[in-house]
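Trainee: I am new to this structure and would like to learn how to read its features one by one. Could you show me the model and then take me through it?

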Amino acid sequence: MKNPITFEILKESTDSLARVGVIHTPHGDIQTPSFAVVGTKATVKALTSKQLNDINPEVLLANTYHLYLKPGSEILKMAGGLNKFANWSKPTMTDSGGFQVFSLGKAFGKNISKFTDEGGENEENKRMEKAPFATIGEDGVAFRSHIDGSDHFLTPEKSIEIQHNIGADIIIAFDEPTSPNDPIEYQKEALERTHRWAKRCVEYHKSKPNSEFQGLYGVVQGGKFPDLRKESAEYISSLDFDGFAIGGSYNKNDIGAVVNIVNNILPKDKPRHLLGIGEPLDLFDGVEAGCDTFDCVMPTRNARNGSILTKNGKINITNTKYREDFGPLEEDCECETCTTYTRAYIAHLFHSDELLSNTLTSIHNVHFLVNLVRNIRNSILEGSYDSFKKSFISEYSK
RNA sequence: GCGUAGGUGGUAGAGCGGUCAAUUACAAGAGACUGUAAAUCUCUCGCCUUCGGGCUACACAGGUUCGAAUCCUGUCCUACGCA
């Protein structure tokens, strides 16, 4: 039986785990390292498929939980799959809904991101813990829809079934991320459950015809603990996955080290996706640690909130000083926004609550990150990675 | 000219004797955002501050009171009605 996903390595770094390759999927190739754009609900917020195509990312990542709730995965199936539904012809991925176990469960209402050390025992958190949107059991996760309050139960098998309906090229096993604040006992318990779920995902997936044209990635968890990460990488490697995703819960400085440990264990000949990572400096770390693809909501979310990525660091376009700045968002940027509109105009759109602000800034931020990773790839191919990185970071951080 | 209702911080608009530097919303300023409950959220928003507090303020000027944005008198101004 032919593998739905195959991975070809074109060049490997001699002084890190970085590699340049190609993932062959039913909807075409992904030139890695590559940045996957997040379109949770089968849309990259504020962008048309034409605008997205013009930016030219290679992969789109949608979300199982969100599409299951609305419009329902049957609709995606009837439409002929995610690609047709969203008018996107290139490769796609779906996340399993595992992250929502975390974000709507233990992390709900805590005003914490994946990286903060905050949270803990304040009143707000205690109150929220009484009414989480997700509660975890051995068989799966009980969700209360954040949309209408209805009850749902997601299991590993159910997640895969939904992902079969959605029809992305790459689908992801159902897992449970943990918070950096969780005690090691809990992280160990969650990890072991994630492993049992991973096995069930593989078994269910392989029993269906979709496994001939959809590749399944297993998720490595384990928080910041090297022993747990090793155990997880070894176990997940032992299962019949087409590729791997590294899931997360890190303190910010742990990412590189943790991912290094994992990728030293994962088989080299299969692709590795670093879930949810997308800050420019983290992408360099991720590539050096041997990851092939990345995804992140940061470029689109920040865009909608006025935070613009530039080679000289992030700027907040709503700041007073940009109201009379008639230059582009970023000097020398070739995106549609920068070649067409000024900072002053975009600042005006934000101050006037005009929807076009979201579109213009999203175009720029997505363009920025997709091309950053593409440039990282090219620099590795050309043997100029170190100088590229050095010059990028010195400009970005100053 | 007479009558009525009013004049509160950038704006609208609460408050109607002490708990008021003054609810709230908007505007404004800054920050956050990493597998999207996010066109969201947080903080600041009279002046000064060693962050304890200090000072000046609710049209203006007087007055009553231990105490006034709140009550009284006068002045000025605004809206509506009648001349």
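Predicted model: local features only at pLDDT ≥ 70, side-chain atom pairs only at ≥ 80, totals over all residues.

Trainee: Into which domains is chain A divided?

Mentor: Chain A is divided into domain 1, which covers 6–100 + 155–296, and domain 2, which covers 307–396. Taken over C-alpha atoms, the centres of domain 1 and domain 2 are separated by 26 Å.

Trainee: How many residues of domain 1 are in contact with domain 2, and which elements give two or more residues to the side of domain 1 that touches domain 2?

Mentor: There are 26 residues of domain 1 in contact with 18 residues of domain 2. On the side of domain 1 that touches domain 2, two or more residues come from each of β3 (28–32), β4 (34–38), α1 (49–55) and α11 (280–288), and the largest share, five residues, is given by α11. Sorted by class, this side of domain 1 has 16 nonpolar, seven polar and three charged residues.

Trainee: How are two packed helices described?

Mentor: Two packed helices are described by the angle between their axes together with the distance between the axes. In this model, helix α14 (residues 343–351) packs with helix α15 (residues 356–382) at an angle of about 135 degrees, and their axes are 8 Å apart. The crossing in which α14 passes α15 is left-handed.

Trainee: Which residues make the contact of α14 and α15?

Mentor: From α14 the contact takes Ile346, Leu349 and Phe350, and from α15 it takes Leu356, Ser357, Leu360 and Thr361. By class, the contact of α14 with α15 has five nonpolar and two polar residues, and no charged residues.

Trainee: At what angle do α7 and α8 pack, and what is the hand of their crossing?

Mentor: Helix α7 (residues 156–166) and helix α8 (residues 184–206) pack at an angle of about 45 degrees, with 8 Å between their axes, and they are therefore also oblique to each other. The crossing of α7 and α8 is right-handed. Pro156, Glu157 and Ile160 of α7 make the contact with Trp197, Arg200, Cys201, Tyr204 and His205 of α8, and by class this contact has five nonpolar, one polar and two charged residues.

Trainee: Let us turn to the backbone. Where is the peptide bond that is cis, with omega near -5 degrees?

Mentor: That cis bond runs from Thr32 to Pro33, and Pro33 is found in the loop between β3 and β4. Another cis peptide bond, with omega about 10 degrees, joins Lys70 and Pro71, where Pro71 lies in the loop between α2 (64–69) and α3 (73–79).

Trainee: What is phi of Ala42, and is Ala42 buried or exposed?

Mentor: Phi of Ala42 is near 65 degrees, a positive value in a residue other than glycine, and Ala42 lies in the loop between β4 and α1. Ala42 counts as buried because it has 24 C-beta neighbours inside 10 Å.

Trainee: Where does Asn56 lie, and does Asn56 count as buried or exposed?

Mentor: Asn56 lies in the loop between α1 and β5 (60–63), and it has a positive phi of about 70 degrees although it is not a glycine. With 12 C-beta neighbours inside 10 Å, Asn56 counts as exposed.

Definitions and conventions. Residues numbered from 1 in each chain as written. Chains lettered and ligands numbered in written order. Axes fitted to C-alpha atoms, helices over the stretch in contact; angles between N-to-C directions. Helix = DSSP H or I, 4+ residues; strand = E, 2+ residues; numbered from the N terminus. Left-handed = near helix turned anticlockwise from the far one by under 90°. Contact = placed C-beta atoms within 7 Å. Nonpolar A, V, L, I, M, F, W, Y, C, P; charged D, E, K, R; others polar. Domains from an automatic or database assignment. Parallel < 35°, antiparallel > 145°, perpendicular 65-115°, else oblique. Buried ≥ 20, exposed ≤ 12 C-beta atoms within 10 Å, placed from the backbone.
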